[in-house]
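Here is a short note for someone opening this structure for the first time. Please read the points with the model in view.

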Amino acid sequence: MDTITYEELEKSFQAQAGLITLDATDKFFFLSSLNLHAKDAWHRAKWPELLSITEYNVATSGQFTNITSSITGDVLAVYDKNPWVDISANTINYTLMGDKIALQPMYPNSSVFILEKTAFVPYTDNSTNIPSFLEAYLASAILASFFRGDSQYDKAGIEEQRAEEFLLRQIDRIERSQNQNTPLVGTYYTNSQSRQIFQTT
């Protein structure tokens, strides 16, 4: 994933705001606004850049089969095989307990594949991992908050609209990409439960 640094985004904001320098108050405001808007954007869509499939080993403990290591991301789905490469992959019922996962009893395999979304972690002034695809949105959204805090409501409204347009363009980008890679979905039933099988093309 392409990224930008905190410093690069701060300089972009500074130029757009027409500020020669940022004092301590400005910097605090910038960082607070960055995390507010970044977290909001993080959860607006299933950004492909933030998704990954990871294989985890499992072990039986009592009546449950558990993942043997901690999960660091947001769990979206659990499969018995890698769904990105195997059309026979099945979804698995699971229970999330903190950073651990318990599976259905008597799960037969030694591992599972988990679709994860990178968890949002607040940025600091030393961050170097801000997603590039959010750069335009973040710069504009932070600027809108700056204008609103300075009682420049007309400018704030215009900038908020621009920020939303930037974000919607990125959402449209991933939707078009998903449409071009339409999943082939099949369903079969077992024990009154449905399981989905899919493969991207």
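Which residues of α3 are buried?

1. The model is predicted. In α3, the buried residues are Tyr-137, Leu-138, Ala-139, Ser-140, Ala-141, Ile-142, Leu-143, Ala-144, Phe-146 and Phe-147.

2. Now the length of α3. The helix has 15 residues. From first C-alpha to last, α3 reaches 21 Å, close to the 21 Å expected at 1.5 Å a residue. Just after α3 comes Ser-151, with a positive phi of about 65°.

3. Helix α2 covers residues 24-42. Its 19 residues should span 27 Å at 1.5 Å a residue.

4. Look next at the start of α2. There, a side-chain oxygen of Asp-23 reaches to within 3.1 Å of the backbone nitrogen of Thr-25.

5. Helix α2 has its own set of buried residues. They are Asp-26, Phe-30, Ser-33, Leu-34, Asn-35, His-37, Ala-38, Ala-41 and Trp-42.

6. How do the two helices cross? The axes of α2 and α3 (residues 135-149) come within 9 Å and cross at roughly 125°. That angle makes α2 oblique to α3. The crossing is right-handed.

7. Residues from both helices meet at this crossing. From α2 come Phe-29, Phe-30, Ser-33, Leu-34, His-37, Ala-38, Asp-40 and Ala-41. From α3 come Tyr-137, Leu-138, Ala-141, Ile-142, Ser-145 and Phe-146. Phe-30 is one of the α2 residues that are buried and also one of those that meet α3. Likewise, Leu-138 of α3 is buried and takes part in the meeting with α2.

8. Is Glu-10 buried or exposed? This residue sits in helix α1, residues 6-17. Glu-10 counts as buried because its relative accessible area is 10%, and the cut-off for buried is under 20%. Leaving aside residues up to four places away in sequence, Glu-10 touches Leu-22, Lys-27 and Phe-30.

9. Last, the chain as a whole. It has 4 helices and 10 strands. From the N terminus on, the elements run β-α-α-β-β-β-β-β-β-β-α-α-β-β. Of the 201 residues in the chain, 37% are buried. Among contacts between residues at least 6 apart in sequence, 69% join residues at least 24 apart.

Technical notes:
Residues numbered from 1 in each chain as written. Predicted model: local features only at pLDDT ≥ 70, side-chain atom pairs only at ≥ 80, totals over all residues. Heavy atoms only, no water. Expected span 1.5 Å × (residues − 1). Buried < 20%, exposed > 50% of the residue type's maximum accessible area, 1.4 Å probe, protein only. Polar contact = N/O pair within 3.5 Å; in protein donor to acceptor, adjacent residues only side chain to side chain. Axes fitted to C-alpha atoms, helices over the stretch in contact; angles between N-to-C directions. Parallel < 35°, antiparallel > 145°, perpendicular 65-115°, else oblique. Left-handed = near helix turned anticlockwise from the far one by under 90°. Contact = heavy atoms within 4.5 Å.
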